[in-house]
Amino acid sequence: MTELEATLEDMLAVERFDPPAGFTRRRPVEADRAAADLDAERFWADAARDLLTWDKPFTQVLDDTNPPFYTWFADGELNLSANCLDRHVSAGRGERVAFHWRGEEGERRDVTYAQLLADTQRLANGLRSLGVAAGDVVGIFLPMIPEVAVAMLACARIGAVHNVVFGGFAPSAVRERMEVSAAKVLITVDGARRKGRRAEVKAAVDAELGDLPALEHIVVVRGPRTGGDGGASEPAASGSGKEPAASGTGLAAGVGTGASEAPMTPGRDVWYDALLAGADPDCPAIPLPAEHPLFILYSSGSTAKPKGILHTTAGYLLGATYTHRMVFDINPDTDVYWCSADVGWITGHSYIVYGPLSNGATSVMYEGAPDYPDRDIWWQIIEEFQVTVFYTAPTAIRTCIKWGPEYPGRHDLSSLRVLGTVGEPINPKAWLWYHLVIGGGRCPIVDTWWQTETGSVLISPLAGVTSTKPGSATQPLPGISPALRSEDGEPVTEGTGVLVITKPWPSMLRTLYKDDKRFVETYFSRFGPTTYVVGDAARLDADGYYWIIGRIDDVINVSGHRLSTAEVESAIVAHEAVAEAAVVAEPDEQTGQAIVAFVTLAGEQTGDAAMEARLREHVAHRIGKLARPRRIIWADDLPKTRSGKIMRRLLRDVAAGRELGDVTTLRDPAVMAVITDRVRTARDDEE
């Protein structure tokens, strides 16, 4: 056992960590808590006036006369794009860097607020020239390049509704989302790269889209080139002295500039740089009603037909702005912030684009994988840009644990002051590794809980304020009212129950796009129209801390005992030999359900009968004999989406002997073939 492993083992016994002694919080929150507890509606109204710039001030805060169709600030008007760009430029902060963009081949672009505003105005006018008006839907299918933020902001500027599709999805997913949303224009890229290889995106999209009746135009960005595609572009950065491209804008100089073989249909398709070059540079932001639709974001479709989650302008922006500022203790004058998510997910919408830009912050945007060109690239970027706030997923942290501490050890990470996690509950071992290896024991960790539907973080520690318990999202933010309910709707004041939100909040989804009925049935039918059912089970401890167990269906019933899959996973991963684990249920005639664990071992550990016995005993010691997995399947890797989420649905299918569904959204579809083989072999051995 190494010294680090021994330290982690010792620290697993520590249940609660006070804020690091050397951390000084910049933004007090006590007054916010007191105000929200006294009058939540007034608290949100004051925050909206303080944090956002309004073209027409609101007089009505919350309209709750028709639950669950709540509205916020409905008689006010503002423009999101102006809040994210114009007000900072007007205040003399135009030369502040909005995004330090880092390409996977080492390219760097420093994009200022002034440059971002210039291209946003040109693209907004370009979209208008293609017939886009307020209320029209614009699809966006782009990799992690600054043009994706320009596209979103340009839509918001003229009142178009954007529908961003994660860049790692297959073209069939793009078609589905464009078709059901009746998108008028799609903004995509000629080609995208990953780990040194280039995919011809436009050609693949053309082959799949066919003849969608509503889609009138496709705007094509010339993406960054790989070395094998004529050399990487070296765009002009602020203050570089290089001449800009013909469009006269900072960003257009940064897109790929070589010849492209992307198919272009005359009359329908237009190059992004040509569209900007021919557009008027001045496009005043349109004052829009607070409840004007801002974007649709479709769920991944892992369990059913994708849901088109609809967010509106003012309430969503308020939630993203307030939580980004308060949870991470952001000071836009001194912090460099990096969220490692993809803009195609809600985390990217709220905490790469809208929250940070509304706050005038400087962010990092990275186009690339966490292990290319080597497994230390994230830590190299943190050192290069002196990142102070880093926000990533537990899955990514567990992968870094598997790779080993020597990779972050190559770099100086002393600039970091706050760490965050998002996407799923973080198990205590990963929390402690993150705390020690990445944060050096000096950085508070904010383990945030929220959803696509909530728009912004609802439950989270506050950096430097909240005493944390590894694995717990801790307590609700000011103005948020979570609670637990039993299966029959009774309040649960301590213990496990169904997580609900009992009062509306500004950034909540307004409906499912073109499907009000499904909206009510999905979120507001179980306990009535005023109680939002999250879909997660949670535990509330004696200190009022929330522990998110997982989706309601991620609870295993073994002989009448309900066990959390997350709790069992945490117990398994706490073993020094384990890098990662996923736990699911399989049918069992005697117990109803039995536990199956898919386990990836660390380093050179061997998955044999002796190791299986040790892990089963380890779980029994930490939780109880009932929680011991009946079956352990050794997995070199687990099935993950391209955003890093473990697809437990597929593991449930293979454990139950069901035919696998669609695996095209997996980062590596071949993983499931290996796992299926091993499950089959394990069953044959039992027989």
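Colleague: At what angle do helix α5 (residues 113–129) and helix α6 (residues 146–158) pack, and how far apart are their axes?

Modeller: Two packed helices are described by the angle between their axes and the distance between the axes. Here, α5 and α6 pack at about 60°, with axes 8 Å apart. This is a predicted model, where local features need pLDDT of at least 70, side-chain atom pairs count only at pLDDT 80 or more, and totals for chains, interfaces and linings use all residues. Residues are numbered from 1 along each chain as its sequence is written, and side-chain values use heavy atoms, leaving out hydrogens and water.

Colleague: Which word describes how α5 and α6 lie to each other?

Modeller: Angles under 35 degrees count as roughly parallel, over 145 as roughly antiparallel, 65 to 115 as roughly perpendicular and the rest as oblique. So α5 and α6 are oblique to each other.

Colleague: Which residues of α5 meet α6?

Modeller: Contact means heavy atoms within 4.5 Å. On the α5 side, L116, L123 and L127 are among them, and they meet a set in α6 including V150, A154 and I158. The residues of this contact divide into 11 nonpolar, two polar and three charged.

Colleague: Now for K202: is this residue buried or exposed?

Modeller: Buried means under 20% relative accessible area, exposed over 50%, partly exposed in between (1.4 Å probe, protein chains only). K202 is buried, at 0%.

Colleague: Which side chain makes a polar contact with the side chain of K202?

Modeller: A polar contact is a pair of N or O atoms within 3.5 Å; within protein, one must be able to donate a hydrogen and the other to accept it, and residues adjacent in sequence count only if both atoms are side-chain atoms. The partner is the side chain of D269, at 2.7 Å. A polar atom of the K202 side chain also lies 2.7 Å from the backbone oxygen of P263.

Notes: Axes are lines fitted to C-alpha atoms, for helices over the stretch in contact, and angles run from 0 to 180 degrees between N-to-C directions. Helices (H or I, at least four residues) and strands (E, at least two) are DSSP runs, numbered from the N terminus. Ala, Val, Leu, Ile, Met, Phe, Trp, Tyr, Cys and Pro count as nonpolar, Asp, Glu, Lys and Arg as charged, and the others, Gly among them, as polar.
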